[in-house]
Amino acid sequence: MFKFFQNIFLRNSLKSDIPGPNNHYSDFDYENLCELYYKHSWLRTETNSRGFEDLWFDYKLKGEKIIIKRLIQNFKYLTLEEVEPICKEKLKNCIENWELTPDNTYFIGFRTHKTPDGSSIVLNFFKPVLLSIDDTWKDCNLYPDVFIGKRRMNDEGIKNLILVDDFIGTGGTAFNRINEFRNEIDRLDLSLKLYVFSIGMMKEGAKLIRKSKTDYQCCYILDKGSILAFPKLIAELARKAIKRMEGILHEGSEKLKLTDHSLGYGKSETLYSFSRFNLPNNNYPIFWWNKYRNGDKRKSMFNRMQ
């Protein structure tokens, strides 16, 4: 098996200089696509089916398509209905272990800009979940961004601040938010406990949060895609092959460079989506980058504003 994968991943992925799919179904394509659609219902109902098949046919070599198949097989696609009971259980644990009450706790989104982000989604998602646990939780326990959160942290009776996001990749943003609030807590000489909650989180992000000596909770912990999808002996070869597969993509712009997102932002190698919300940029760019190398528009498998 090792020799088989080695031969696949050492081959040059860029077979053609002309980017873009050419959808001619071989027996290999038909069999593998049918298997993927059958085993993963979210491919049929929750993603852009044209974008998925365009991704499949963007590549000509069987080895490249096997890579896509294995990544898809290990993709964590979460529906709202799937997440709700797990989120409820995690929140109940937090409430009990961290001694949270509606009178002493604020949930605060990671957001630091004016436009909506993943933390906004999660805070809205929290509302009915919290009410199902204790109907005394109110809108005033949840604040959408860092700025409002900082203004309210000195409120009478507040003892706990829970920083909230939908997904934590490298952990860099979470680490910065923790430091921001700790500095403010120290400046105001407050006695507050700080925690982090997210729906999804990469192992590397969790490691950085632990380094900050902050308690956290999340619904799903994920490993890198190459580790999940391939045997340990050939994971590095797979990683290099996926990077070569990015060669069909446009280099990007000054504000959004492909080089900064190679293998996902921070080389996170993420395989994760929370329903159909904006896909984290920690995911492999072959799933969401919207231009081909020559500048032509690309219909990506997942939509992400760029």
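**View 1. Glu-99 sits in the loop between helix 6 (80-97) and strand 2.** Helices (H or I, at least four residues) and strands (E, at least two) are DSSP runs, numbered from the N terminus. Here phi takes a positive value, near 55 degrees, in a residue other than glycine. Most residues other than glycine have a negative phi. Glu-99 counts as exposed, at 58% relative accessibility; the cut-offs are under 20% relative accessible area for buried, over 50% for exposed and partly exposed in between, with a 1.4 Å probe and protein chains only. A word on the source: this is a predicted model, where local features need pLDDT of at least 70, side-chain atom pairs count only at pLDDT 80 or more, and totals for chains, interfaces and linings use all residues. Residues are numbered from 1 along each chain as its sequence is written, and side-chain values use heavy atoms, with hydrogens and water left out.

**View 2. Leu-263 is another residue with a positive phi, near 65 degrees.** Look for Leu-263 in the loop between helix 12 (235-245) and strand 7. At 4% relative accessibility, Leu-263 counts as buried.

**View 3. Phe-274 belongs to strand 7 (residues 272-274).** Its relative accessible area is 4%, so Phe-274 is buried. Ser-300 comes 26 residues away along the chain, and the C-alpha atoms of Phe-274 and Ser-300 are separated by 17 Å.

**View 4. Trp-42 and Tyr-77 make a stacked pair.** Their ring centres are 5.1 Å apart and their planes are at 5 degrees, so the pair counts as stacked. The rule takes rings of Phe, Tyr and Trp (its six-membered ring) as a pair if their centres lie within 6.5 Å, and calls planes under 30 degrees apart stacked, over 60 edge-to-face and the rest tilted. This pair links distant parts of the chain, 35 residues apart: Trp-42 is in helix 3 (residues 41-45) and Tyr-77 in strand 1 (residues 76-78). Trp-42 is buried at a relative accessible area of 10%, and Tyr-77 is buried at 7%.

**View 5. Arg-304 lies over the face of Trp-288.** The distance to the ring centre is 5.4 Å. For a charge to sit over a ring, NZ of Lys or CZ of Arg has to be within 6 Å of the ring centre and within 35 degrees of the ring normal. Arg-304 turns up again in the next view, as one of the residues nearest the centre of the largest pocket.

**View 6. The largest pocket holds about 800 Å³ of space.** On a 1 Å grid over the protein atoms alone, a pocket is an open set of points where a 1.4 Å probe fits, with protein on both sides within 12 Å along at least five of seven lines; lining residues have an atom within 4 Å of a point. There are 28 lining residues, and Asp-117, Gly-118, Asp-165, Asp-166 and Arg-304 lie nearest the centre. Strand 2 (105-111), helix 7 (118-133), strand 4 (160-168) and helix 9 (172-188) are the elements that give two or more residues to the lining.

Key. Grid points are joined across faces, edges and corners, and a volume is the space filled by probe spheres set on the points.
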